Amino acid sequence: MKRAIAFVLAAALSGAAFAATDPRTVPSKLEPAWQAKTREVFKQAIEIPSVHHRGEVPRVAKLLADQFRAAGIPESDIHMMPYEALPGDKTTALIVRWRSPHATKKPMLILGHMDVVEAKREDWKFDPFVFRQQEGYFLGRGSSDMKNGDVATTMAAVKLMSEGFKPNRDIIFFYSGDEETKGQGATLGSTQWRNLTDAEFGLNADGGCASYDEHFKPLGCQISIAEKTFQTYFFTTHNPGGHSSRPRPDNAIYDLADALEKLRTHRFQPMLNPANRGYFEQRAKEEGNSPLGQAMRAWLANPNDGAAADIVEASPIDVGLTRTRCVATMLKGGHADNALPQSATATVNCRIMPGVQPKDVQAELQQMAGPKVEVTPDPGFIGVPTPASPLRPDVLSAVTKAIHSVVDQTMPVYPVMAAGASDGSFFRAKGIPVYDVDGSWGISPLDDRAHGLDERIPVRAMYDDVVYWQMLIRSLAG
């Protein structure tokens, strides 16, 4: 359920090439001794294959817990919370409370997840679970989604404790163990474990807010205040089948293929909301008078202008931000190579605009697919639309100050609706506003490799993230 990208994309370069300093060559403000400590913890985290059903998430939890424990957090405030995610997947969440000696504000929650998407050795150029440093990058599964955020938030807190910082509110760290699959940890964290996680607001380290284009122009830091709803559906066809030597005019696989071809070209109604409106207002300024910029302004002026929204949606860095999108992700069908298929099924994953009910998307998909296809939701997870978080001035100010100080003083900061989903949605649904604000960054689209091959993060970005979270915690809990 991962929110789909590690670096939220902002704007493409228009006009002449923009000459700028390669941000990967700029020294980090993190002291060398802390760089070494951070690198070692990051290396250990990457080399734990915390994929579902491998039983390795508890090792990541222990690694992070050990850092807090060594920094002085008492055992009574370090909670390992075992649970079952997907059937048979024994995993755990880690909840750590850094108590204020003189709390004057309600607690603040910092979110992350310790599980990663599967990575097959035969697909990668190198072993995805062997940490590598190469050509200015740290590489390995989870390097940008999101063991970087887990390590950065942990090391920032440990560093602040070592410096004697005393927060004026309790700071709660919640790291789940199944964000990439079922989200059961966030469900429990926002409900049954609420006594351990209740907070005034949350900061989500899942997804970097800043990025540069390939010419090193700052593209912006987006604070995600809303998320699409995650929902999977199954397209299923049935047929009496028969012997392959006597083909029928109807065929379960062909019927399914016809429906998937319709899905490929189907477009839901475009929708503007405060989160994506703010994003596209900024994007339109950056695009200037380009055809894409003109389309953005036309859509902003008339949210029902489907043609303009289609042009916007065709932009690779803006896809998924104008409307609900659904895509086929897995297939299965037939039972023998010499038999006509009796059934075929496609898994279709949808990211639904805030405020739209999954049952309404199911109805539209069913109408589109036609009577030969049965469209059903995944019974194991029914998504719940969540409200946008009101943009807090203190969060906006703290993020802006930290990004400008640590990453790039020219980086614009503004709200956005995330195209994917994260653990934050479960807490939003239960009344805790959450803001996705990690300080990691990358070169877009070169470094947009979350869930993909050869995942990586710039070395400086990893170290910058520690300093960034230090500043954020000082600003909001100092």
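**Strand pairings and helix packing**

Strand 4 and strand 5 (residues 137–139) pair in an antiparallel way, over 3 bridges; two strands count as paired if DSSP finds at least two bridges between them. The model is predicted, so local features need pLDDT of at least 70 and side-chain atom pairs pLDDT 80 or more, while totals for chains, interfaces and linings use all residues. Residues are numbered from 1 along each chain as its sequence is written, and side-chain values use heavy atoms, leaving out hydrogens and water. Helices (H or I, at least four residues) and strands (E, at least two) are DSSP runs, numbered from the N terminus.

- The bridge partner of Gln134 is Tyr137, in strand 5.
- Axes are lines fitted to C-alpha atoms (for helices, over the stretch in contact), and angles run from 0 to 180 degrees between N-to-C directions.

**Helix 13 and its helix contacts**

- Helix 13 (residues 459–477) packs against helix 3 (residues 147–162) at an angle of about 55°, and their axes are 8 Å apart.
- On the helix 3 side, the contact (heavy atoms within 4.5 Å) includes Asn148, Val151, Met155 and Leu160. Helix 13 contributes residues including Met462, Val466, Trp469 and Ile473.
- By class, the contact of helix 3 with helix 13 has 9 nonpolar, 4 polar and 3 charged residues. Nonpolar covers Ala, Val, Leu, Ile, Met, Phe, Trp, Tyr, Cys and Pro; Asp, Glu, Lys and Arg are charged, and the others, Gly among them, are polar.
- Helix 13 also packs with helix 11 (residues 393–406), at an angle of about 145° and with axes 9 Å apart.
- The contact of helix 11 with helix 13 divides into 11 nonpolar, 2 polar and 4 charged residues.

- An open sheet of 4 strands runs in the order 11-13-9-14, with antiparallel pairing.
- Strand 11 (325–333) and strand 14 (374–377) are its edge strands, and each pairs on one side only.
- The twist from one strand to the next averages 25°.
- Strand 9 (residues 229–238) is joined to strand 14 by 4 bridges in the antiparallel sense, and Phe234 stands opposite Thr376 in strand 14.
- Helix 6 (residues 252–265) packs on this sheet, touching strand 9, strand 11 and strand 13 (343–352), and its direction makes about 15° with that of strand 13.
- Helix 10 (residues 358–369) also packs on the sheet; it touches strand 9, strand 11, strand 13 and strand 14, and its direction makes about 30° with that of strand 9.

**Strand 15**

- In strand 15 (residues 413–418), 6 of the 6 residues are buried, so the strand is largely enclosed by the rest of the structure. Buried means under 20% relative accessible area, with a 1.4 Å probe and protein chains only.
- Val413, Pro415 and Met417 are buried on one side of strand 15, and Tyr414, Val416 and Ala418 are buried on the other.
- Strand 8 (residues 218–227) and strand 15 run parallel and are joined by 6 bridges; the bridge partner of Ser224 in strand 15 is Val416.

Note on methods: Buried < 20%, exposed > 50% of the residue type's maximum accessible area, 1.4 Å probe, protein only.
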